[in-house]
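Please find below a short note on the model under discussion.

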Amino acid sequence: MPVKESRRALLTTAALTLAVSTLVFTGTAYAGKPVGSDEGASTDQSGGSNNSGIHATARITYSGSVAKNGGTGNVKSADVNWTPPPCWYAPFLGAKEFKEKMSKDIERQMNAPGMGGHAGAALGELQRHYEDEYGWTDTPGYKDYNVDKDGEGMFWAAVENPNEPDILKRSSCNDLPFWVDNGEAPPPQYEEAITPEILAALAYQHMQLPDTKVTLAPKNVTKVNLPTWAWLDKAVFDEVQATAALDVPGFNIQATTTAKPVALKLEPGTPDAETYPASGECLINDDGSIGEPYAKGKADKTPPCGLKYLRSSGDGTYKLQATITWEIEWTGTGGAGGDLPDGTFGNDQAVTVQEIQAINR
């Protein structure tokens, strides 16, 4: 290596310099655009470029049951400590394109009025890194931007998750763009380099689960102390899949995240009520349904899934909340796969409870 300074110290200096000079790695310079933010786009997530900088241009394509216009889906993780990746590294540009873009940006900033001192020195080191093999521990430099290897690989750069609200987390992938040969894995120090597992987590983040509206008997209007049956038919309640894929020359990966319903939780919307079972948790049946439909002649039976209101709702209604727990797993390129945290999603249903006693037959 030409120098013995630590890689982290040099990166910190370069990052500070670029932040000051607004070269290529500040603010939204390499933020991934929200899905569908481009005119005519619907399920693609990509990087792009603007007047102040560059960022990774690899496109993530979403398909299956995903939120429209790039929004976050409606799955709530049962694990409060789990979050989707705030950023990652992905293929950016081939060698010739990278040289054209990066060299122009460096030259423009080096010629900017007042550029000097530490900022100017860091820009000089950045230029040497890509032109003259200037490197440091575990990060070799490049000769003429690897132009002699054009078509044999790509420079990778950071992408911010546009759905991550914490700007510090979103911008935490702050290493300089690095080269990856076609068919090879990124260097191990780039732990946030995109993988099928990262794609699976992003598919989870964008997954759209169906509305959870249970069938009730009596429907919407029930009586005080009268058991109300609740159920979900398999025909309208089945597993859901969302797929995220990235396909660029020399690099193609994908992951499919599958959510399978496993339980229904009923919350009556008032403490003056009882649930069946007492926990309010209705497990899925062997045929994939939940609960049991009411039928004539069951008035004297206790519903396997349902509730009983003990007080009238008066002139208003109670908000019955039905929340489904979904068991989530993923599979991806190369036989990869595993589990993701269970997800939940629920809806409110207005239920009127009247004082009049009646028998449900």
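The numbered points below refer to this predicted model.

1. Strand β18 (residues 318-332) pairs with two other strands. With β13 (residues 251-267) the pairing is antiparallel and runs over 12 bridges; within it, Thr258 has Glu329 of β18 as its bridge partner.

2. Strand β19 (residues 337-354) is also antiparallel to β18, and 13 bridges join these two strands. Phe345 in β19 stands opposite Ile324. The two strands form a hairpin with four residues between them, and Gly334 in the turn has a positive phi of about 75°.

3. The structure contains 18 aromatic pairs. In one of them, the ring centres of Trp229 and Tyr294 are 5.6 Å apart and the planes meet at 65°; because that angle is over 60 degrees, the pair counts as edge-to-face. This pair links distant parts of the chain, 65 residues apart: Trp229 belongs to strand β11 (residues 228-232), whereas Tyr294 lies in the loop between β16 (290-291) and β17 (306-309). Both Trp229 and Tyr294 are buried.

4. A cluster connected by ring pairs comprises Phe92, Phe98, Tyr130, Tyr142, Tyr145, Phe155 and Trp179.

5. The second largest pocket holds about 200 Å³ of space. Its lining consists of 14 residues, with Thr72, Trp82, Thr83, Pro84 and Gln205 nearest the centre. At least two lining residues come from each of β5 (76-77) and α5 (196-206). By class, the lining of this pocket comprises six nonpolar, six polar and two charged residues.

Notes:
Residues are numbered from 1 along each chain as its sequence is written. This is a predicted model: local features need pLDDT of at least 70, side-chain atom pairs count only at pLDDT 80 or more; totals for chains, interfaces and linings use all residues. Side-chain values use heavy atoms; hydrogens and water are left out. Rings of Phe, Tyr and Trp (its six-membered ring) pair if their centres lie within 6.5 Å; planes under 30 degrees apart count as stacked, over 60 as edge-to-face and the rest as tilted. Buried means under 20% relative accessible area, exposed over 50%, partly exposed in between (1.4 Å probe, protein chains only). On a 1 Å grid over the protein atoms alone, a cavity is a set of points where a 1.4 Å probe fits but cannot get out, and a pocket is an open set with protein on both sides within 12 Å along at least five of seven lines; lining residues have an atom within 4 Å of a point. Grid points are joined across faces, edges and corners, and a volume is the space filled by probe spheres set on the points. Ala, Val, Leu, Ile, Met, Phe, Trp, Tyr, Cys and Pro count as nonpolar, Asp, Glu, Lys and Arg as charged, and the others, Gly among them, as polar. Two strands pair if DSSP finds at least two bridges between them.
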